[in-house]
Amino acid sequence: MIQNSLTTSAASLMAIEAVTVLPGATPFKEEVAGNFNDTFRGQVLTRGGETRFAIIKDLYSKELANELLVAVIGRALGLAMPDSYLGLAEADVLTLTKGPQMAGGRLVFVSCDVGFPNLFTKLNNKIFQKAALRKIVEILCKNNLSALYEFDTWSANIDRHPGNLLLGGDGKIWLIDHGWCFTGPTWEAADLAPSEAYPNKLDLWVAPNLSDEEIATVSASVGILSEQLRALDLPRAAELSFARSLLSSGDLNALLQFLVDRLDATPRITANSLGRLI
């Protein structure tokens, strides 16, 4: 499920762990969805001595903070997201250009490689594209589409295309790639308007393919996630995600205030996207 349980406590925040990128990581490009940033597959070493296969992304500070903060919040909400880390890639391990410099290398975003395909692969056959899209919408409905829709509305995620949703073999949907939350990867404090209905790509490829019955079902759950978010200690989430270190104090304060104030508008914006006025 996108969200494990609607009763999941939003108070159990977990810290992002720092890991070390090991030699041997190789660059890759998604054949269908594409990669906006330099992306690598490789292994990382945890502080506990565990080696994990991972996706490694070279991101500027703000986009890196976006990814890590959303990872902490999403995990507290019970949303299905791969484990995320803050990685250090030394200069002789990877040649990078964007991540903040530190200790002879650069900081990178690291996400556990769960090995599942993204939904773009299900849309790649043009002959059956319409049928495939409808099937994907049905799968999303079974995975608590309301939680996904409301979360993307609240976090002002402007880039939820099929390429950043993974489909597990058991039908479980995983959420990835959150660097374009909070209005985008280069947001400024002036961009953050709590009542603004920012572009949500789910409006383009999901909402038009929902039946009236599905819209009614999804709409009935709108507001539940916002109530869970109210229980979240956002300043603590900023600490545990390294966002407080990656963002200026002015930007961080503006972002936290935006996310608190946006809770009042989120159910209305989400419902309006689905064609239900509240």
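Predicted model: local features only at pLDDT ≥ 70, side-chain atom pairs only at ≥ 80, totals over all residues.
Visitor: What makes the protein chain as compact as a globular protein of its length?
Guide: Start with what is folded here: the protein chain has 10 helices and nine strands. Its radius of gyration is 18 Å, close to the 19 Å that the globule rule gives for 278 residues, so the chain is as compact as a globular protein of that length. As for its extent, the C-alpha trace spans about 55 × 45 × 30 Å along the principal axes.

Visitor: Why is Glu138 called partly exposed?
Guide: Glu138 has a relative accessible area of 28%. Buried means under 20% and exposed means over 50%, with partly exposed in between, so Glu138 is partly exposed at 28%. You will find Glu138 in helix α2, which covers residues 129–142.

Visitor: How much of the chain counts as buried?
Guide: With the cut-off of under 20% relative accessible area, buried residues make up 55% of the 278. The chain still exposes about 12,400 Å², and carbon and sulfur atoms supply 53% of that area.

Visitor: What share of the contacts joins residues 24 or more positions apart?
Guide: Among contacts with a separation of 6 or more, such pairs account for 73%.

Visitor: How many charged side chains are there, and where do their centres lie?
Guide: There are 24 positive and 31 negative side chains, and the centres of the two sets lie 4 Å apart.

Note on methods
Residues numbered from 1 in each chain as written. Heavy atoms only, no water. Helix = DSSP H or I, 4+ residues; strand = E, 2+ residues; numbered from the N terminus. Rg over C-alpha atoms; globule rule 2.2 N^0.38 Å. Buried < 20%, exposed > 50% of the residue type's maximum accessible area, 1.4 Å probe, protein only. Contact = heavy atoms within 4.5 Å. Areas by Shrake-Rupley, 256 points an atom, 1.4 Å probe, with all protein chains shown as cover. Lys, Arg positive; Asp, Glu negative; His and termini not counted. Charge placed at Lys NZ, Arg CZ, Asp CG, Glu CD.
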